[in-house]
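I opened my notebook to get to know this protein. I wanted the overall build before any single residue.

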Amino acid sequence: MDVLMLFKAIVMGVVEGLTEFLPISSTGHLIIAGDLLNFLDNDRREVFEIAIQLGAILAVCWVYHQRLWRIACTLRTKASQYFVLNVFIAFLPAAILGFLFIKMIKFYLFHPVPVACAFIVGGLLILWAERRKHTVTVQLVSDMTWRDALKVGFAQSLALIPGTSRSGATIIGGLLFGFSRQAATEFSFFLAIPTMCVATLYEVIKHRALFRAEDIDIFLLGFAAAFVSAMFAVRGLLHYIQRHDFTVFVWYRIVFGIFILLSAQFGWISWGG
């Protein structure tokens with residue numbers, strides 16, 4: 001494997017890690033980066049993205065490993081049981097709707113205009129959520145009820161629309177439902193663990209025939225890059241929200257959505273069928 005290809009794998013891993021947990025959607029960024037870098041063919045790139053997504057998942061597990069271990073060791077307590085139950089309840093809507101409609105969604109919506117519109121509309125929703133009066137009823141994740149979890153779960157299901165952003169949907173959904181920024185952001189991270197693990201397992205089984213032994217070096221590099229960059233993104237976002245709101249992501253999403261439309265219009269990026 002040449003050095004240039006290894007460098008491209010690192011860049012793709014960094015893009016995945018930085019965008020997966022910020023409310024800006026990794027989908028459009030990986031498409032743009034992959035095409036600009038001319039990185040692999042479509043099938044091999046899709047398999048690569050599955051592998052590096054696992055690195056991003058493990059980064060969240062590492063950042064919260066002490067808390068997750070404490071919950072695992074105290075599962076007999078009601079507090080830990082409620083936490084696990086809330087994550088499971090929030091996981092269900094996207095899992096069920098994804099299982100039923102993912103093929104249809106990919107066929108009809110995985111194109112430049114729908115993705116760009118999702119970026120822009122999602123940005124405007126973030127702006128609306130930030131500008132409206134925000135009454136906090138859930139200060140910490142431990143304050144959630146199962147009804148709160150279910151509402152956030154339905155918000156997450158909106159991320160089945162490519163370009164919406166899973167983290168963006170859950171965070172903004174949480175804000176609209178009375179979560180503090182800290183609670184909305186942290187629960188988004190916790191909810192990412194089962195959601196992304198199941199999605200990754202499904203894609204691995206579906207594309208198992210496409211995995212090649214000769215690709216293992218670029219997979220490992222991309223995985224490592226996604227892991228490290230995702231840790232920075234998660235910790236950075238947690239630090240950022242202590243003093244700032246999410247308005248900066250509004251303008252980023254709108255500009256990036258316009259860029260996607262232009263890339264499709266002028267043929268800068270190939271979006272497939």
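First, a term I need: I call a stretch a helix when DSSP gives a run of H or I of at least four residues, and helices are numbered from the N terminus. I also noted that this is a predicted model.

**Entry 1: the whole chain.** The protein has 11 helices and zero strands. Its radius of gyration is 18 Å, close to the 19 Å that the globule rule gives for 273 residues, so the protein is as compact as a globular protein of that length. I then checked the extent of the C-alpha trace, which spans about 50 × 40 × 35 Å along the principal axes.

**Entry 2: inside and surface.** I asked what share of the 273 residues is buried. The share is 49%. For contacts with a separation of 6 or more, I found that 83% join residues 24 or more positions apart. The accessible surface comes to about 13,900 Å², and 69% of it belongs to carbon and sulfur atoms. I counted charges too: there are 22 positive and 17 negative side chains, and the centres of the two sets lie 11 Å apart.

**Entry 3: helix 1.** This helix runs over residues 3-20. From first C-alpha to last it reaches 26 Å, close to the 26 Å expected at 1.5 Å a residue. Its buried residues include Met5, Ala9, Met12 and Val15.

**Entry 4: Phe119.** I located Phe119 in helix 6, residues 112-131. Is Phe119 buried or exposed? Its relative accessible area is 0%, so Phe119 is buried. Beyond its neighbours within four places in sequence, Phe119 is in contact with residues including Ile24, Ser25, His29, Arg253 and Ile260. Gly257 is another contact. The C-alpha atoms of Phe119 and Gly257 are separated by 5.2 Å, although the two are 138 residues apart along the chain.

**Entry 5: two serines.** Ser25 is found in the loop between helix 1 and helix 2. At 3% relative accessible area, Ser25 is buried. Ser165 also has a positive phi, about 90°. I placed Ser165 in the loop between helix 7 and helix 8. Its relative accessibility is 4%, under the 20% cut-off, so Ser165 counts as buried.

Note on methods
Residues numbered from 1 in each chain as written. Predicted model: local features only at pLDDT ≥ 70, side-chain atom pairs only at ≥ 80, totals over all residues. Heavy atoms only, no water. Rg over C-alpha atoms; globule rule 2.2 N^0.38 Å. Buried < 20%, exposed > 50% of the residue type's maximum accessible area, 1.4 Å probe, protein only. Contact = heavy atoms within 4.5 Å. Areas by Shrake-Rupley, 256 points an atom, 1.4 Å probe, with all protein chains shown as cover. Lys, Arg positive; Asp, Glu negative; His and termini not counted. Charge placed at Lys NZ, Arg CZ, Asp CG, Glu CD. Expected span 1.5 Å × (residues − 1).
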